[in-house]
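Please look over the structure below before reading on.

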Amino acid sequence: MPGTPTPDTLMPGALTPDLLIPGMLTPSTLTPDSPTPGTLTPDPVTPDTLLPGPLTPGALTPGTPAAGLPTADTPTPDSPMPGTPTPDPVTPDTLLPGPLTPGALMPDSLTPGPLTPDSLTPGTLTADLPTPARPTADTPTNSTATDRRTAIRQTAQATQTEQNTQSTRAGQPAQNTRADQDTHTAEATQAHRADRATQNTQTSQDTQAAEAAQATEAAQAAQATQAAQAAQAAHATEASQAAQAAQAAQAAQAAEAAQATEDAQAAQATEDARAAQATQAAQAAKAAEAAQATEAAEVTARLTDLLFHGPDRERIHGPWRRLIARPEFRDRYDLSPHQQITRSYKRLHLLNHAAGTPELLAQDPERLTALHEWTGALDGGLTSLASIHYNLFLGTLLDHDHHHRDLTPYTRLTRTGTFLCTELEHGNDAAHLQTTAHHHPHTNTFTLNTPTLGAQKFMPNTSPAGGAKTALVAARLIAAGHDHGVHLFLVPLTDPHGHPLPGITTRRLPTRTGPTIDHSLTHFHHLTLPRHALLEADHTRLSPDGHLTTTLGNPRKRFLKTLNRVTLGKLCMSAGTLGMARTALATALTYAHHRHITGPRPGHTTPLIAHRTHHQPLLTHLATAYALTLLNRHVLDLYTHHTPDQLPHLERTIALTKAFTTWQARTIAIEARERCGAHGLFPPNNLLEQQLNIEGAITAEGDNLVITAKAASEMIFNHTPPPPTPTPHLDTTTPHALTHPTHLRNLFTHLEHIHLTHARTALRTGPKNNPLARWNHASTPALTLAHTYIQRLTTDAFLTTLNHTTHPPTHTLLTHLYHLYTHTHLTPHTPTLLTHHHLTPTQHHHYTTTHLTTTLNHLTPHTHTLTHALHHPPQQTTHTPLNHPNYPTHTHHHTTP
């Protein structure tokens, strides 16, 4: 293959893209010596290869410049055609997008075979050439084809002129032979004819192309007209459809508006109906709520009457309830122990003024116990001072000969009374105390003396705090050389300024936990007392010569008679702790309604009272608090109206009542404190203080266990339980029997009989000739007997109240409380009842799975009513932070920076 072809080797003259377009070649561009398609001629192109022989003027077309005479308009090989734009430099890359090959320049389809001179005769280059295509948007116009032919002729003329010039410069001869001239002339003529034929053909083709273009334009115009008509029709259709759509839309809008109006009217009607229903429901709910509130208020009032002496409530409880509501009784928690003691003595004076006539108060067990019930929860120190002054001191004076005494200093509280009985080494066995009072007949005086340190009077409030004080001192009367047992002596302790009198030494004990008073040790150093210092009564008198006469058989009876105020003191302790337990319970229940915790769903909260684990123990203790209140009312009534022959049995009952009440009160206070969490540890909420105050009462007026054991030992010999109450139409083996109030009471009676039998059997079968060993053997069933007895007595008091309640809602609520109390205290005895066939497994299972749940479900919605019936004054309860709905703010008020 020859070297890489260039445009110059393929086509003489300036090669433009227009010259390479297929279908635009004419015979004038081909010569006999031209290469056939598909071959390349490496030799340079010369004029001889284009026209054989010199170019004569005759060979030129009219208007063509003479050979050898170029003009300014004649293009040269190096200059562009006049009036045409100068093309960009021609390279193979600008002609075809790939390598430049001969085949790419001359398609084989232009000629049917090899190109020879014979094939170039005029008129023959028609059928073999490709038919000109119809003009398109990319086909050159006729003027463009003419410009191409003109450019080709001008190029040939310029080439001939350059050849002639070169021949002249080379000195070649100017004349040729005639034959050569003729030949040239013939060839020129032939070329001219071929050119004319090509022009004619091109003209025909141009005409056809123009006609085709006109036809195309006409067709396009027709198509455009049709398209325009179709567009107009489509537009009309579209307009019609749009109009129809608009009408449909308007109709739809109208229908929608009508439907919306109808829906709005229907919605308004529905809303109006709902509003009317809501209004009716709200009114009904409000009416129901009002009715419920009215009923709750009615139930609350009736429960309060049942708990607080009904018609006598104002006389017995009214003064004390109003007293603790006064601003002077609002607690302060920033006081020192000494300041607290001083405050308690000041409050004692306020209480004395509210008491009316102190002598009548001391002789009225109902008012006296009520005083403890209301003040105990607020100021334990005040309750202790009042209990000592009004019951033990003033009450004892009034129980003995007192007409010759001036009681005014004690009733006006210019001198505070106190009571000195127990000693460091003698408490519950006070009958064996060591302090002595020797009678001197010749002077008719006594010498009061403390023989040992163990004989010092222990705990009474004998310090200078509170001003002048006088005491009743228990000492052994020694007269005429005989020990007549313990008697009481009236002894002034301090002067008007509170300083101890000669012969008396007092020492302050450390501040105790719980109610704060000035507890002290008191020592007598051979103190001389006048004859009238001895307290006497009809049952016991001392003659001037020291002879004692008494109607009581032995020293123990005289001791119990002399200290009979201790029995009422037990009831006072029970009442005081009962008030403390109710107050703590009310605070815990109120707080349980105010305190909310995270609920079962996100963003929701529930009050503590809604949780069974929280309200079940509180409701259980609330039922016990109701039962204890009714028990104390019942026993107090027995004490107020007792006869002398009933006293031994009554003293046992009062001792067990005090033990049972104070123990249960402590349990209630502990539970209430725990249910209030950490809040219950702080003094402003007065919860832990209640528990500590109750601890003192458990020991005061006889330690609980000691007085219970004493009562139990007596009951082994002197107690007869009552028989069960008949229930004629009740099958006691069915679960339903556990809802029958009388049957529940009878179960306690059965237990009482069982434990009495066990205690007596244990005592008989115990070791012989060893009283202590025999008691130890019988003590456990005996103590159980004592506990069962007081539980049965509590049930009797509750059942009596229930049977006298005629208001149905109150009766229903009390019945559920009764069930909860009795089942709570029967449950520990379940094994005994099952063993003795007083309870069946089915009954026990029914209670634990069904009955208890039903009872709690009935009581839980009424916790507010049950709490309000405890009748605490609002001025007191709202001052306790946890009793207030906004308890965080009230807690904050009790803080210090």
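The model is predicted: local features need pLDDT of at least 70, side-chain atom pairs count only at pLDDT 80 or more, and totals for chains, interfaces and linings use all residues. Residues are numbered from 1 along each chain as its sequence is written, and side-chain values use heavy atoms, with hydrogens and water left out.

**Whole chain**

The protein chain has 26 helices and 13 strands. These are DSSP runs numbered from the N terminus: helices are H or I with at least four residues, strands are E with at least two. Of its 897 residues, 43% count as buried. Buried means under 20% relative accessible area, exposed over 50%, and partly exposed in between (1.4 Å probe, protein chains only). Take the contacts between residues at least 6 apart in sequence: 74% of them join residues at least 24 apart. A contact means heavy atoms within 4.5 Å.

**Cavities**

Rolling a probe the size of a water molecule over the atoms shows where empty space is left. Here the whole structure holds 10 cavities of 30 Å³ or more. A cavity is a set of points, on a 1 Å grid over the protein atoms alone, where a 1.4 Å probe fits but cannot get out; lining residues have an atom within 4 Å of a point. Points are joined across faces, edges and corners, and a volume is the space filled by probe spheres set on them.

| Cavity | Volume | Lining by class |
|---|---|---|
| Largest | about 200 Å³ | 7 nonpolar, 11 polar, 3 charged residues |

Ala, Val, Leu, Ile, Met, Phe, Trp, Tyr, Cys and Pro count as nonpolar, Asp, Glu, Lys and Arg as charged, and the others, Gly among them, as polar.

The largest cavity is lined by 21 residues, and Leu378, Asn686, Gln876, Thr877 and Thr880 are the closest to its centre. Helix H14 (565-594) and helix H25 (874-877) each give two or more residues to this lining.

The lining of the second largest cavity includes Leu738, His823, His844 and Tyr847. Its elements with two or more lining residues are helix H21 (808-826), helix H22 (830-835) and helix H23 (841-859).

**Helix H13**

Which residues of helix H13 are buried? In this helix (residues 555-562), they are Arg558, Phe559 and Thr562. They sit on the same side of H13, because they cover an arc of only 100° around the axis. The arc is that of the directions from the helix axis to the C-beta atoms. The buried residues pack against helix H11 (380-399) and strands E6 (482-492), E10 (540-542) and E11 (548-550). At the start of H13, a side-chain oxygen of Asn554 comes within 3.1 Å of the backbone nitrogen of Arg556.

Thr396 is in helix H11. At 2% relative accessibility, Thr396 counts as buried. Beyond its neighbours within four places in sequence, its contacts include Phe419, Leu488, Thr562 and Arg565.

Asn693 lies in helix H17 (residues 688-699). It is buried, at 9% relative accessibility. Not counting residues up to four places away in sequence, Asn693 touches Gly376, Gly380, Gly514, Pro515 and Met580.

Thr850 belongs to helix H23. Thr850 is partly exposed, at 33% relative accessibility. Thr850 and Pro735 are 115 residues apart in sequence, and their C-alpha atoms are 9.9 Å apart in space.

Definitions and conventions: 1 Å grid on protein atoms, 1.4 Å probe; cavity = no way out; pocket = protein on both sides within 12 Å on 5 of 7 lines; lining within 4 Å. Polar contact = N/O pair within 3.5 Å; in protein donor to acceptor, adjacent residues only side chain to side chain.
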